[in-house]
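Please look through the sequence and the model shown here, and keep both at hand while reading the report.

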Amino acid sequence: MDIRSLGYLRIETTDLADWRRYALDHLGFVEGQDSTDSTLNVRIDDRIRRLSFVAGTTDRLLAAGFELPDARALTEAAEELESHGFPVKHADEATLAERRVQGLVHVDDPAGNPLELYWGQAQDHSPLGTPYGNRFVTGDHLGLGHVVLPAPDMDAAVAFYQHLLGFQLRDRMKLPPVAVPTGEPGRDFFWMNFLSPNARHHSLGLYPGALPPGIVHFMVETDSLDAVGYCLDRMNAAGVPIASSLGRHSNDHMVSFYAQAPGGFQVEYGWDGLLVDPATWTTKEITSDSLWGHQWNG
């Protein structure tokens, strides 16, 4: 299956005004086309949108969108999913127009996480004009960044993404039971897995427990360490709880911090993520989340 990147996220929110402040004022994103009183679309590059926040009655992930190169690749992906027992739903014309894509199918992964596979997303050729001059690393098929999704049945989830969707398993990490309070009782540890369809170390993390919003965190990567520091200052000035202090991860080498986001999950804001050569990469077990920093606050 020829998936190229994590293209976008769609998130339902009970407080759209809070997300507007958080995304535009704190994270330094740019409001995108077709935003309304009930939907905030967000740009971080030349794509017409990378994130959409939709007003609703719950806080949850509506969809993680993964990009394919063309119509043929999407047709083949849909057929392969169906043949392996994963029903797909082809988007109607209204959905295609709303997403600003040429083709799209809906499918759930084994954990019930909602996915959208698509091709042909529109671009916005106007200058990005971020409020703080910050720029985001998305080019060369790297996509939005990464997202971490809950996957209580880890073996089924890894098989789906690795063997069916074609992601490469980059590394694994053991989590103690205290880090997975919704995990199966009596386990000594749980595996967390990191995968990607491109050169970004991971576009997807799989967390071995349930989480009500259906998302653990998403990450965006900036092009400078200063941009991370300035964002951390903005978060502190606004009184946003910092979930994890500045640190450098051991697997993707990202220098980042984590901030609580509206809706019960987190946003990782980082710099200097590792790019790998899929042809020569070997899967490893990492034994520490970070090389330094990343002190978690509860």
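This is a predicted model: local features need pLDDT of at least 70, side-chain atom pairs count only at pLDDT 80 or more; totals for chains, interfaces and linings use all residues.

The largest nonpolar core has 63 residues, and the members that touch the most other members are L9, F29, Y161 and F218. Helix α4, which covers residues 154–164, gives the most to this core, with six residues. Apart from it lies another core, made of ten residues, among them V148, V180, M192 and F194.

Within α4, the buried residues are M154, A157, V158, F160, Y161 and L164. In an α-helix there are 3.6 residues a turn, so residues three or four places apart point the same way.

If neighbours within four places in sequence are left aside, Y161 is in contact with D109, L115, L149, G166, F167, L195, L204 and L206. One of these contacts, G166, follows α4 and has a positive phi, near 85 degrees.

## Charged pairs

Side chains of opposite charge can pair when their charged atoms come close. The count for this model comes to 16 salt bridges. In one of them E12 pairs with R60, and the closest N and O atoms are 2.6 Å apart. This pair links distant parts of the chain, since E12 is in strand β1 (residues 5–13) and R60 is in strand β5 (residues 60–67), 48 residues apart. E12 counts as buried because its relative accessibility, 9%, is under 20%, whereas R60, at 38%, counts as partly exposed.

Another salt bridge joins E31 to R20, with the closest N and O atoms 2.8 Å apart. E31 lies in strand β2 (residues 30–31) and R20 in helix α1 (residues 16–26), so the pair ties together parts that are eleven residues apart in sequence. Here E31 is partly exposed, with a relative accessible area of 37%, and R20 is partly exposed as well, with 29%. R4 forms a salt bridge with D2, and in that pair the closest N and O atoms are 2.9 Å apart. A network of salt bridges also links R10, E98, R99 and E116.

Which residues make the nonpolar surface patch of about 300 Å²? The patch is made by L246, L291 and W292. W292 has its place in strand β18 (residues 290–293), and, at 43% relative accessibility, W292 counts as partly exposed.

Terms used:
Residues are numbered from 1 along each chain as its sequence is written. Side-chain values use heavy atoms; hydrogens and water are left out. A nonpolar core is a set of buried Ala, Val, Leu, Ile, Met, Phe, Trp, Tyr and Cys residues joined through side-chain atoms within 4.5 Å. Buried means under 20% relative accessible area, exposed over 50%, partly exposed in between (1.4 Å probe, protein chains only). Helices (H or I, at least four residues) and strands (E, at least two) are DSSP runs, numbered from the N terminus. Contact means heavy atoms within 4.5 Å. Patches are made of residues with over 30% relative accessible area and no salt bridge: like charges are joined within 9 Å, nonpolar side chains (Val, Leu, Ile, Met, Phe, Trp, Tyr) within 5 Å. Accessible areas come from the Shrake-Rupley method with a 1.4 Å probe; for residues, only the protein chains shown count as cover. A salt bridge is a side-chain nitrogen of Lys or Arg within 4 Å of a carboxyl oxygen of Asp or Glu.
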